[in-house]
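Hello,

Here is the structure I promised to pass on. Have a look at it first, then read my notes below.

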Amino acid sequence: MSDKTSDTFIKFEGVTKTYRAGDIETTALNGVNLEIREGEFIAVMGPSGCGKSTLLNIVGMLDTPTDGAYLFRDVDIARLSEGRLADIRKQNVGFVFQSFNLIDELTVEGNIELALLYHKVSASERKQRVAAVMERIGIAHRAQHFPPALSGGQQQRVAVARAVVSRPSLILADEPTGNLDSHHGEEVMKLLRDLNDEGTTVVMVTHSAMDAEFARRTINLFDGKLVTENLRVAS
């Protein structure tokens, strides 16, 4: 585990999120207070509908609080324009989803490189960085294959490679092993732990107690509220 855990990276101050559909109002998060320090690995758990994905979307700046404040590196994101939010997200956040979200018409190499096309990275540097991350993630031997030819575990490895090739400071993982068997799921979790050991902050939503064991801290949500936190002592 990295020792970069001294600075507050993400802070929720009474964050509430409500959604309206006609006359019906649903509260997804209800007054959540939370601090995440740089270099942490946090698992977010709770029953379906408790607000886990909403919390992750707000952390990733894909959504904003209805009330309360979200501070990212001491900056209140509610005060920023959509363009500035997009820039911060692009520079800092990598996403890993349960459904992989790979493009079937692109090779493994092409799927990973796609993440760098939104950055000012030269073609030669893109090639070097993609090659390095494929080797790091253990998928280099599949560089010219297309996603349908890969196993679920291999596809998720590609998704992780795509998330980290831009060298984000934060990885958000939404049920990253949900579509994998236990063996491939454990491989993906070890990759996330290794990335965290190198200093990347990881926030993961999961239903799996086994996956949560890889995190250093687990927070539990219920009905949109943070009800418990558990700190795991490093062995």
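Strand S6 and strand S7 (residues 170–174) run parallel, joined by five bridges. Across from Phe95 stands Leu172 of S7. Keep in mind that this is a predicted model.

What does the whole sheet look like? Its six strands come in the order S6-S7-S8-S3-S9-S10. The sheet is open, and its pairing is mixed. S6 and strand S10 (225–231) are the edges, as each of them pairs on one side only. From one strand to the next, the twist averages 20°. As background, strands in a sheet pair through hydrogen bonds of the backbone, and they do this either parallel or antiparallel.

Further into the order, look at strand S3 (residues 41–45) and strand S8 (residues 201–205). These two also run parallel, with four bridges between them. Phe41 has Val202 in S8 as its bridge partner.

Now back to S6. Is this edge strand largely enclosed or open to the outside? Buried here means under 20% relative accessible area. Four of the five residues in S6 (residues 93–97) are buried, so the rest of the structure largely encloses the strand. Helix H2 (residues 82–92) lies across S6 and S7. Its direction makes an angle of about 75° with S6.

Which element gives the most to the lining? S6 does, with four residues. H2, helix H3 (108–114) and helix H5 (152–164) each supply at least two residues, as does S6.

Next, a loop. Asp74 sits between strand S4 (67–72) and strand S5 (75–76). Is Asp74 buried or exposed? Its relative accessibility is 65%, and exposed means over 50%, so Asp74 counts as exposed. Asp74 and Glu186 are 112 residues apart in sequence. In space, their C-alpha atoms are 34 Å apart.

Last, how confident is the prediction? The average pLDDT of the protein is 92. A score of at least 70 is reached by 96% of the residues. Residues 1–6 are another matter: pLDDT stays under 50 there. For that stretch the model has 15 contacts beyond four places in sequence.

Best wishes

Technical notes: Residues numbered from 1 in each chain as written. Predicted model: local features only at pLDDT ≥ 70, side-chain atom pairs only at ≥ 80, totals over all residues. Heavy atoms only, no water. Buried < 20%, exposed > 50% of the residue type's maximum accessible area, 1.4 Å probe, protein only. Pairing = 2+ DSSP bridges. pLDDT = per-residue confidence, 0-100. Contact = heavy atoms within 4.5 Å. Axes fitted to C-alpha atoms, helices over the stretch in contact; angles between N-to-C directions.
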